[in-house]
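User: Hi! I'm new to reading protein structures. Could you walk me through this one?

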Amino acid sequence: MKRSTILFSAGILIMALSGCMQLEKQGKEISKAMLTGGKQAPSITDIIPISVPVWAQDGMELFPGGEMEGVFDASRQVIKLSLEQKDGCKKLYVDGKEKLSVSENCRFLLQDILKEDACLELLVGEPGQMMYNDEAIGSFQVTAYRVHPGELSVVPLLPSGKEHSFFVMDKYGSGDFRVSNGYYGSKFFAYLYDSDLNEWKSTGYQMMPEGYLMDQRRDLTVIYLDGEPVDFLEKEVKIDGETGTGIAFRWLESIANTAHYNIYRTEDGGRSWSLVMEDFTTAFDDMDRIYILDENTIFCRFYPSGIWPGNSAYVTQDGGKSWHHVEEVEEMKKYDFLQSWYPD
(Lines give C-alpha, C1' and ligand atoms only; values in the text may rest on other atoms or scores of the structure.)
Protein backbone atom coordinates (compact mmCIF):
# COMPACT_ATOMS: atom_id res chain seq x y z
CA MET A 1 0.00 0.00 0.00
CA LYS A 2 1.30 3.44 -0.88
CA ARG A 3 2.52 5.73 1.91
CA SER A 4 0.06 8.50 0.91
CA THR A 5 -2.90 6.10 1.12
CA ILE A 6 -1.82 4.91 4.57
CA LEU A 7 -1.48 8.50 5.83
CA PHE A 8 -4.89 9.48 4.41
CA SER A 9 -6.61 6.48 6.04
CA ALA A 10 -4.91 7.22 9.35
CA GLY A 11 -6.10 10.83 9.16
CA ILE A 12 -9.72 9.75 8.62
CA LEU A 13 -9.49 7.35 11.58
CA ILE A 14 -8.07 10.05 13.88
CA MET A 15 -10.89 12.46 12.90
CA ALA A 16 -13.55 9.83 13.61
CA LEU A 17 -12.02 8.97 17.01
CA SER A 18 -11.81 12.67 17.85
CA GLY A 19 -15.50 13.15 17.01
CA CYS A 20 -16.49 10.18 19.17
CA MET A 21 -14.43 11.46 22.09
CA GLN A 22 -16.07 14.89 21.79
CA LEU A 23 -19.57 13.37 21.83
CA GLU A 24 -18.61 11.20 24.81
CA LYS A 25 -17.31 14.26 26.67
CA GLN A 26 -20.52 16.21 26.01
CA GLY A 27 -22.60 13.20 27.05
CA LYS A 28 -20.71 13.05 30.37
CA GLU A 29 -21.41 16.77 30.87
CA ILE A 30 -25.13 16.14 30.47
CA SER A 31 -25.03 13.23 32.95
CA LYS A 32 -22.98 15.24 35.46
CA ALA A 33 -25.32 18.20 35.26
CA MET A 34 -28.33 15.96 35.84
CA LEU A 35 -26.70 14.15 38.81
CA THR A 36 -25.43 17.30 40.51
CA GLY A 37 -28.71 19.18 40.10
CA GLY A 38 -27.44 21.58 37.47
CA LYS A 39 -29.98 24.16 36.46
CA GLN A 40 -29.78 23.48 32.73
CA ALA A 41 -28.10 20.64 30.93
CA PRO A 42 -27.23 20.97 27.24
CA SER A 43 -29.87 19.33 25.03
CA ILE A 44 -29.13 16.76 22.37
CA THR A 45 -29.93 19.39 19.71
CA ASP A 46 -27.04 21.49 21.12
CA ILE A 47 -24.73 18.59 20.29
CA ILE A 48 -26.28 17.40 17.03
CA PRO A 49 -28.58 20.04 15.45
CA ILE A 50 -31.73 18.39 14.12
CA SER A 51 -34.08 20.13 11.66
CA VAL A 52 -36.16 17.58 9.78
CA PRO A 53 -39.68 18.48 8.55
CA VAL A 54 -42.44 16.11 9.66
CA TRP A 55 -44.01 14.03 6.87
CA ALA A 56 -47.57 15.29 6.37
CA GLN A 57 -50.34 12.79 7.08
CA ASP A 58 -54.13 12.79 7.16
CA GLY A 59 -55.47 14.42 10.32
CA MET A 60 -52.26 16.17 11.38
CA GLU A 61 -52.30 19.78 12.56
CA LEU A 62 -49.66 22.33 11.56
CA PHE A 63 -48.53 24.51 14.47
CA PRO A 64 -46.56 27.78 14.49
CA GLY A 65 -42.84 27.11 14.19
CA GLY A 66 -43.51 23.71 12.65
CA GLU A 67 -42.59 22.38 9.22
CA MET A 68 -44.21 19.62 7.19
CA GLU A 69 -43.54 18.14 3.80
CA GLY A 70 -45.57 15.75 1.73
CA VAL A 71 -47.44 15.06 -1.51
CA PHE A 72 -50.44 17.32 -1.97
CA ASP A 73 -51.41 17.27 -5.66
CA ALA A 74 -51.24 15.29 -8.91
CA SER A 75 -47.68 16.44 -9.62
CA ARG A 76 -46.58 14.03 -6.84
CA GLN A 77 -43.82 16.48 -5.94
CA VAL A 78 -42.74 16.81 -2.34
CA ILE A 79 -43.99 20.19 -1.07
CA LYS A 80 -42.89 21.87 2.15
CA LEU A 81 -45.25 23.79 4.45
CA SER A 82 -44.25 25.98 7.37
CA LEU A 83 -46.21 28.24 9.72
CA GLU A 84 -45.10 31.37 11.57
CA GLN A 85 -46.96 33.43 14.15
CA LYS A 86 -46.13 37.08 14.75
CA ASP A 87 -47.77 40.50 15.00
CA GLY A 88 -51.16 38.96 15.80
CA CYS A 89 -51.41 36.78 12.72
CA LYS A 90 -50.31 33.43 11.33
CA LYS A 91 -48.45 33.22 8.03
CA LEU A 92 -48.35 30.08 5.91
CA TYR A 93 -45.36 29.41 3.66
CA VAL A 94 -45.44 26.99 0.73
CA ASP A 95 -41.97 25.99 -0.42
CA GLY A 96 -40.62 29.05 1.37
CA LYS A 97 -43.10 31.52 -0.20
CA GLU A 98 -45.67 33.32 1.94
CA LYS A 99 -49.09 32.38 0.59
CA LEU A 100 -51.60 33.05 3.35
CA SER A 101 -51.95 35.41 6.31
CA VAL A 102 -54.84 34.91 8.75
CA SER A 103 -55.86 35.67 12.31
CA GLU A 104 -53.70 34.14 15.04
CA ASN A 105 -56.78 32.26 16.26
CA CYS A 106 -56.94 30.16 13.09
CA ARG A 107 -55.87 26.55 13.06
CA PHE A 108 -54.37 24.55 10.19
CA LEU A 109 -55.42 20.94 9.66
CA LEU A 110 -54.42 18.50 6.92
CA GLN A 111 -57.08 16.15 5.65
CA ASP A 112 -57.66 13.93 2.66
CA ILE A 113 -61.21 14.98 1.82
CA LEU A 114 -61.25 13.30 -1.59
CA LYS A 115 -60.23 9.73 -0.82
CA GLU A 116 -59.77 8.83 -4.50
CA ASP A 117 -56.66 10.91 -5.17
CA ALA A 118 -54.79 10.22 -1.88
CA CYS A 119 -53.78 13.90 -1.74
CA LEU A 120 -54.12 16.08 1.32
CA GLU A 121 -56.13 19.28 1.46
CA LEU A 122 -55.40 22.06 3.94
CA LEU A 123 -58.30 23.17 6.14
CA VAL A 124 -58.03 26.57 7.82
CA GLY A 125 -60.54 26.99 10.62
CA GLU A 126 -61.28 30.11 12.66
CA PRO A 127 -63.12 29.43 15.94
CA GLY A 128 -66.24 31.44 16.74
CA GLN A 129 -69.93 31.06 17.46
CA MET A 130 -73.07 30.57 15.42
CA MET A 131 -76.69 31.04 16.50
CA TYR A 132 -78.63 27.81 15.99
CA ASN A 133 -82.19 27.34 17.33
CA ASP A 134 -81.76 30.53 19.39
CA GLU A 135 -78.66 29.09 21.04
CA ALA A 136 -75.08 30.30 20.71
CA ILE A 137 -73.00 27.27 19.68
CA GLY A 138 -69.27 27.01 19.17
CA SER A 139 -68.23 26.61 15.55
CA PHE A 140 -65.36 26.91 13.09
CA GLN A 141 -65.50 28.93 9.90
CA VAL A 142 -63.56 26.70 7.54
CA THR A 143 -61.95 27.28 4.16
CA ALA A 144 -60.38 24.40 2.27
CA TYR A 145 -57.24 24.83 0.16
CA ARG A 146 -55.36 22.72 -2.35
CA VAL A 147 -51.58 22.81 -2.10
CA HIS A 148 -49.39 22.93 -5.21
CA PRO A 149 -45.61 23.39 -5.64
CA GLY A 150 -45.00 26.93 -4.38
CA GLU A 151 -48.71 27.77 -4.65
CA LEU A 152 -52.00 27.60 -2.75
CA SER A 153 -55.52 27.61 -4.24
CA VAL A 154 -58.88 27.80 -2.52
CA VAL A 155 -61.32 24.92 -3.00
CA PRO A 156 -64.44 26.71 -4.29
CA LEU A 157 -67.92 25.89 -3.09
CA LEU A 158 -69.75 24.95 -6.26
CA PRO A 159 -72.24 25.82 -7.49
CA SER A 160 -72.22 29.29 -5.93
CA GLY A 161 -68.58 30.05 -6.66
CA LYS A 162 -68.81 33.12 -4.40
CA GLU A 163 -68.56 32.20 -0.74
CA HIS A 164 -65.83 29.63 -0.26
CA SER A 165 -66.05 29.11 3.51
CA PHE A 166 -68.51 27.02 5.47
CA PHE A 167 -69.20 26.42 9.16
CA VAL A 168 -68.58 23.25 11.15
CA MET A 169 -70.45 23.05 14.44
CA ASP A 170 -68.34 22.48 17.56
CA LYS A 171 -71.22 22.03 19.98
CA TYR A 172 -69.23 20.28 22.70
CA GLY A 173 -66.07 22.36 22.42
CA SER A 174 -63.86 19.51 21.25
CA GLY A 175 -61.99 21.80 18.84
CA ASP A 176 -62.33 19.24 16.05
CA PHE A 177 -63.27 20.70 12.67
CA ARG A 178 -62.48 17.78 10.39
CA VAL A 179 -65.14 17.68 7.72
CA SER A 180 -65.53 14.01 6.82
CA ASN A 181 -65.45 10.67 8.54
CA GLY A 182 -65.25 6.98 7.76
CA TYR A 183 -69.01 6.56 7.58
CA TYR A 184 -69.73 9.19 4.95
CA GLY A 185 -66.43 8.79 3.11
CA SER A 186 -65.72 11.98 1.23
CA LYS A 187 -69.21 13.36 1.88
CA PHE A 188 -69.53 15.70 4.83
CA PHE A 189 -72.04 18.06 6.38
CA ALA A 190 -71.52 21.72 7.23
CA TYR A 191 -73.60 24.85 7.76
CA LEU A 192 -74.31 27.93 5.67
CA TYR A 193 -76.33 30.96 6.67
CA ASP A 194 -79.42 31.66 4.55
CA SER A 195 -79.88 35.43 4.73
CA ASP A 196 -83.26 35.25 3.00
CA LEU A 197 -84.72 32.92 5.63
CA ASN A 198 -82.54 34.32 8.43
CA GLU A 199 -81.49 30.84 9.54
CA TRP A 200 -78.65 28.35 9.40
CA LYS A 201 -79.01 25.38 7.09
CA SER A 202 -77.24 22.07 7.28
CA THR A 203 -75.72 21.37 3.88
CA GLY A 204 -73.96 18.30 2.53
CA TYR A 205 -70.89 18.54 0.33
CA GLN A 206 -69.03 16.14 -1.90
CA MET A 207 -65.37 16.78 -2.74
CA MET A 208 -64.99 16.37 -6.51
CA PRO A 209 -61.80 15.18 -8.26
CA GLU A 210 -61.69 18.45 -10.22
CA GLY A 211 -61.14 20.35 -6.99
CA TYR A 212 -64.40 21.85 -5.83
CA LEU A 213 -67.11 21.05 -3.30
CA MET A 214 -70.44 20.03 -4.81
CA ASP A 215 -73.49 21.04 -2.80
CA GLN A 216 -75.62 18.08 -1.70
CA ARG A 217 -78.65 18.27 0.59
CA ARG A 218 -79.64 14.91 2.00
CA ASP A 219 -80.31 12.79 -1.10
CA LEU A 220 -80.32 15.83 -3.40
CA THR A 221 -77.52 17.06 -5.62
CA VAL A 222 -77.57 20.74 -6.55
CA ILE A 223 -76.04 21.83 -9.86
CA TYR A 224 -76.27 25.14 -11.68
CA LEU A 225 -78.10 25.36 -15.00
CA ASP A 226 -77.82 28.74 -16.72
CA GLY A 227 -76.62 30.26 -13.48
CA GLU A 228 -79.53 29.02 -11.36
CA PRO A 229 -79.40 26.22 -8.74
CA VAL A 230 -81.48 23.15 -9.60
CA ASP A 231 -82.13 20.21 -7.26
CA PHE A 232 -81.63 16.71 -8.62
CA LEU A 233 -82.03 13.42 -6.84
CA GLU A 234 -78.55 12.19 -6.06
CA LYS A 235 -79.05 9.06 -8.20
CA GLU A 236 -80.07 11.21 -11.21
CA VAL A 237 -76.57 12.74 -11.52
CA LYS A 238 -73.33 10.94 -12.33
CA ILE A 239 -69.88 12.43 -12.97
CA ASP A 240 -66.85 10.38 -13.97
CA GLY A 241 -63.85 11.51 -11.93
CA GLU A 242 -61.25 10.55 -14.55
CA THR A 243 -62.69 12.16 -17.67
CA GLY A 244 -64.91 14.87 -16.13
CA THR A 245 -67.81 13.56 -18.22
CA GLY A 246 -71.17 13.70 -16.47
CA ILE A 247 -74.84 13.19 -17.15
CA ALA A 248 -77.92 14.47 -15.32
CA PHE A 249 -81.57 13.46 -15.76
CA ARG A 250 -83.95 16.32 -14.89
CA TRP A 251 -87.39 14.83 -14.14
CA LEU A 252 -90.31 16.66 -15.76
CA GLU A 253 -93.36 14.46 -15.15
CA SER A 254 -94.60 10.87 -14.94
CA ILE A 255 -97.61 9.60 -16.86
CA ALA A 256 -98.94 6.04 -16.86
CA ASN A 257 -95.76 4.47 -15.47
CA THR A 258 -93.53 6.35 -17.90
CA ALA A 259 -91.32 9.31 -17.09
CA HIS A 260 -90.21 12.38 -19.04
CA TYR A 261 -86.73 13.88 -18.52
CA ASN A 262 -84.50 16.59 -19.89
CA ILE A 263 -80.92 15.29 -20.12
CA TYR A 264 -77.90 17.48 -19.38
CA ARG A 265 -74.22 16.79 -19.95
CA THR A 266 -71.01 18.18 -18.50
CA GLU A 267 -67.49 17.78 -19.82
CA ASP A 268 -65.66 19.75 -17.13
CA GLY A 269 -66.54 17.77 -14.03
CA GLY A 270 -69.75 19.65 -13.24
CA ARG A 271 -68.69 23.28 -13.53
CA SER A 272 -70.99 23.82 -16.51
CA TRP A 273 -73.87 21.84 -18.02
CA SER A 274 -75.59 21.85 -21.41
CA LEU A 275 -78.90 20.41 -22.52
CA VAL A 276 -78.31 17.47 -24.89
CA MET A 277 -81.83 16.00 -25.14
CA GLU A 278 -85.32 17.29 -24.39
CA ASP A 279 -88.33 15.29 -23.22
CA PHE A 280 -86.62 11.91 -23.05
CA THR A 281 -89.32 9.30 -22.31
CA THR A 282 -88.60 6.09 -20.40
CA ALA A 283 -90.55 2.85 -20.14
CA PHE A 284 -90.48 3.04 -16.36
CA ASP A 285 -90.61 6.09 -14.17
CA ASP A 286 -88.17 5.45 -11.32
CA MET A 287 -84.47 6.11 -11.96
CA ASP A 288 -82.17 3.53 -10.39
CA ARG A 289 -78.58 4.07 -11.46
CA ILE A 290 -76.30 5.61 -14.10
CA TYR A 291 -73.07 4.06 -15.35
CA ILE A 292 -70.52 6.03 -17.38
CA LEU A 293 -68.47 3.49 -19.34
CA ASP A 294 -66.50 6.08 -21.33
CA GLU A 295 -66.96 9.65 -22.58
CA ASN A 296 -69.58 8.61 -25.12
CA THR A 297 -71.05 5.37 -23.75
CA ILE A 298 -73.44 5.82 -20.86
CA PHE A 299 -75.83 3.22 -19.52
CA CYS A 300 -78.80 3.91 -17.23
CA ARG A 301 -81.29 1.68 -15.52
CA PHE A 302 -84.84 2.35 -14.35
CA TYR A 303 -86.79 0.27 -11.88
CA PRO A 304 -88.80 -2.41 -13.70
CA SER A 305 -91.79 -2.13 -11.33
CA GLY A 306 -91.26 -5.61 -9.91
CA ILE A 307 -91.23 -7.39 -13.29
CA TRP A 308 -88.04 -9.19 -14.33
CA PRO A 309 -86.64 -9.12 -16.91
CA GLY A 310 -88.08 -5.80 -17.97
CA ASN A 311 -87.54 -3.08 -20.53
CA SER A 312 -85.78 -0.76 -18.09
CA ALA A 313 -82.36 -0.10 -19.57
CA TYR A 314 -81.10 2.58 -21.96
CA VAL A 315 -77.69 3.20 -23.48
CA THR A 316 -76.17 6.07 -25.45
CA GLN A 317 -73.04 5.89 -27.58
CA ASP A 318 -72.88 9.55 -28.56
CA GLY A 319 -72.62 11.16 -25.13
CA GLY A 320 -76.36 11.48 -24.52
CA LYS A 321 -77.66 12.97 -27.75
CA SER A 322 -79.58 9.78 -28.59
CA TRP A 323 -80.56 6.77 -26.49
CA HIS A 324 -81.22 3.16 -27.41
CA HIS A 325 -83.81 1.19 -25.45
CA VAL A 326 -82.27 -2.15 -24.48
CA GLU A 327 -85.18 -4.53 -25.03
CA GLU A 328 -83.77 -7.94 -25.79
CA VAL A 329 -82.50 -10.24 -23.05
CA GLU A 330 -79.55 -11.23 -25.27
CA GLU A 331 -78.57 -7.59 -25.62
CA MET A 332 -78.77 -7.14 -21.85
CA LYS A 333 -76.09 -9.80 -21.42
CA LYS A 334 -73.54 -7.37 -22.87
CA TYR A 335 -73.89 -5.42 -19.64
CA ASP A 336 -73.54 -8.37 -17.27
CA PHE A 337 -70.38 -6.80 -15.81
CA LEU A 338 -72.63 -4.15 -14.27
CA GLN A 339 -73.55 -6.39 -11.36
CA SER A 340 -76.10 -3.97 -9.97
CA TRP A 341 -78.17 -4.70 -13.06
CA TYR A 342 -79.49 -7.75 -11.24
CA PRO A 343 -82.03 -7.21 -8.48
CA ASP A 344 -80.87 -7.61 -4.89
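Analyst: Happy to! One definition to begin with: two strands pair if DSSP finds at least two bridges between them. Helices (H or I, at least four residues) and strands (E, at least two) are DSSP runs, numbered from the N terminus. This is a predicted model, where local features need pLDDT of at least 70 and side-chain atom pairs count only at pLDDT 80 or more, while totals for chains, interfaces and linings use all residues. Residues are numbered from 1 along each chain as its sequence is written, and side-chain values use heavy atoms, with hydrogens and water left out.

User: Okay, in what order do the five strands of the open sheet come?

Analyst: The order is β1-β3-β4-β5-β6, and the pairing is mixed. At the edges are β1 (54–55) and β6 (97–103), each of which pairs on one side only.

User: How many bridges are there between β5 and β6?

Analyst: Six bridges, with β5 (residues 89–94) and β6 pairing in the antiparallel sense. Val 94, for example, stands opposite Lys 97 in β6.

User: And how confident is the predictor overall, as an average pLDDT?

Analyst: pLDDT is the predictor's confidence in each residue, from 0 to 100. The protein averages 76, and 69% of the residues score at least 70.

User: New topic: which strands form the four-stranded open sheet?

Analyst: They are β22-β23-β24-β25, in that order, with antiparallel pairing. The edge strands are β22 (287–292) and β25 (324–326), and each pairs on one side only.

User: What about β24, how many bridges join it to β25?

Analyst: Three bridges join β24 (residues 313–316) to β25, and the two run antiparallel. Across that pairing, Tyr 314 stands opposite His 325 in β25. Strand β23 (residues 298–302) is joined to β24 by four bridges, also antiparallel. There, the bridge partner of Ile 298 is Thr 316 in β24.

User: Are the faces of β24 covered or open?

Analyst: Both faces are covered: Ala 313 and Val 315 on one side, and Tyr 314 and Thr 316 on the other, are all buried. Buried means under 20% relative accessible area, exposed means over 50%, and partly exposed is in between (1.4 Å probe, protein chains only).

User: Which residue does Asp 288 form a salt bridge with?

Analyst: Arg 301, with the closest N and O atoms 3.0 Å apart. The pair links distant parts of the chain, from strand β22 to strand β23, 13 residues apart. Asp 288 counts as buried because its relative accessibility is 13%, and Arg 301 is buried too, with a relative accessible area of 7%.

User: Which residue's side chain does Glu 61 meet in a salt bridge?

Analyst: Arg 107, at 2.9 Å from N to O. Glu 61 is in strand β2 (residues 61–62) and Arg 107 is in strand β7 (residues 107–111), 46 residues apart. Why does Arg 107 count as partly exposed? Because its relative accessibility is 24%.

User: Last one: how many aromatic pairs are counted?

Analyst: The count comes to 10. One of them is Phe 249 with Phe 280, a tilted pair with 6.0 Å centre to centre and 55° between the planes. Rings of Phe, Tyr and Trp (its six-membered ring) pair if their centres lie within 6.5 Å; planes under 30 degrees apart count as stacked, over 60 as edge-to-face and the rest as tilted. Ring pairs also link Phe 249, Tyr 261, Phe 280, Phe 302, Tyr 314 and Trp 323 into a cluster.

Technical notes
Salt bridge = Lys/Arg side-chain N within 4 Å of Asp/Glu carboxyl O.
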